Amino acid sequence: MNVARLSRLIRKEFRQMLRDPRSRRMLFVSPIIQLLIFGYAVNTDVRNSSTMIVDGDRTATSRALIQTLGATGYFDIQTIANTPADLTSALDRGTVLMGVDIPRGFAADLASGRSPHVQILVDGSTANTANIALGYATQIITAWGLQQTGRRADGQTGSLLGVDFRVRAWYNPDLESRAYNVPAVMGNIVMMMALLLTSLAIVRERELGTLEQLMVSPLTPGELIIGKTVPASLIALADMVLVTAVSLLWFKIPFQGSFLLLTVSSLIFILTGLGVGLLISTISNTQQEAFMSMFLFFLPAMMLSGMMFPVENMPTFLQQLTLLDPIRHYLVIVRGVFLRGTGWGILWPQMLILLAIGLLTLGFATLRFHKTTA
């Protein structure tokens with residue numbers, strides 16, 4: 001390997017990537033815009049759910065329950081309906097997500113110690129949101145009922161009989177989904193940029209006719225692969241720094257871990273993305289084919305990474321398949337570093353798997369490039 005030849009190739013790659021203002025905007029502005037959009041859009045918190053109440057009891061007790069539901073911020077009580085038929089009609093039209101039917105005799109049952117019945121209806125066409133809203137409503141009504149029963153049993157207004165439950169959430173005390181999702185969005189953005197930087201690299205040279213010039217030069221296939229990889233890795237690392245800064249300064253995502261650990265793991269992760277991108281570049285004949293092949297890899301990798309859907313909920317064969325997904329392993333690292341402050345001793349298996357995937361893909365891309373140009 002000739003260091004002088006390699007350095008000239010690296011300078012050439014940097015100039016080619018950065019000389020076009022549109023390329024600079026794509027490389028450095030686009031990741032920030034994507035993080036801002038996805039950081040707000042990828043949010044599984046359910047708040048201000050449109051809700052209709054049917055108050056068949058019309059007592060102070062039922063009104064207190066309605067007031068409790070509305071005060072939580074999870075439910076936007078739009079209408080107090082007169083009959084259950086109005087609630088059914090609203091759910092059919094899709095104007096409300098959830099309905100709560102408080103039957104006649106609710107206050108009397110509660111006062112006499114009998115278990116009152118409250119019916120909750122949700123629009124199951126949006127299954128995830130409906131399940132979350134249903135869970136919120138069930139917990140709130142149950143806790144309110146236990147509180148009322150305990151106070152009556154004690155005969156006082158300020159004390160509550162029974163067990164004093166105190167729930168504490170570690171690592172994400174406010175249970176905000178954004179703190180969990182934004183680091184995952186960061187990983188996907190970095191992977192996409194690494195793929196873009198390299199999947200088109202060799203194909204572009206082939207279409208422009210400069211690949212033949214490179215092949216008759218003294219450059220070896222290994223030097224050419226390294227020359228394509230180093231500039232792309234540095235630019236992808238710069239993108240990682242940018243999206244990390246936006247996450248910390250704009251979204252206020254808590255950071256409990258080590259910046260050194262995040263940097264090293266990000267470099268290894270970028271290596272895997274560059275390896276996959278170069279492999280795609282060696283098997284594609286046109287930039288359009290390389291672009292489509294990139295998304296053929298990226299979209300399934302993103303869906304199987306655990307970004308939005310827990311890996312544990314997937315079928316067993318898909319769980320085994322996700323072990324080959326570099327994004328999955330990186331999300332374990334970045335979420336652990338950001339939220340838990342996880343150290344080297346726990347995250348080394350994921351880093352080792354990422355390193356193995358990166359070295360294998362880069363090695364195979366080098367062999368593939370050597371065969372296609374021989």
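Predicted model: local features only at pLDDT ≥ 70, side-chain atom pairs only at ≥ 80, totals over all residues.
1. With a relative accessible area of 52%, Arg15 is exposed. Exposed means over 50% relative accessible area, buried under 20%, and partly exposed in between (1.4 Å probe, protein chains only).

2. The whole structure contains 2 salt bridges, a salt bridge being a side-chain nitrogen of Lys or Arg within 4 Å of a carboxyl oxygen of Asp or Glu. One joins the side chains of Lys12 and Glu13 at 3.0 Å, N to O. Glu13 is buried, at 3% relative accessible area, and Lys12 is partly exposed, at 24%.

3. Lys228 and Glu13 also meet through their side chains in a salt bridge, at 2.7 Å, N to O. Because Lys228 lies in helix α10 (residues 221-249) and Glu13 in helix α1, this pair ties together parts that are 215 residues apart in sequence. Lys228 is buried, with a relative accessibility of 2%. Through shared partners, the salt bridges join Lys12, Glu13 and Lys228 into one network.

4. As to the overall form, the protein has 15 helices and 4 strands. Its radius of gyration is 28 Å, whereas a compact globule of 374 residues would have a value near 21 Å. That radius is taken over C-alpha atoms, and the globule rule is 2.2 Å times the number of residues to the power 0.38. Along the principal axes, the C-alpha atoms fill a box of roughly 95 × 45 × 40 Å. Of the 374 residues, 42% count as buried.

5. On conventions, residues are numbered from 1 along each chain as its sequence is written, and side-chain values use heavy atoms, with hydrogens and water left out. Local features need pLDDT of at least 70 and side-chain atom pairs count only at pLDDT 80 or more, while totals for chains, interfaces and linings use all residues.

Terms used
Helix = DSSP H or I, 4+ residues; strand = E, 2+ residues; numbered from the N terminus.
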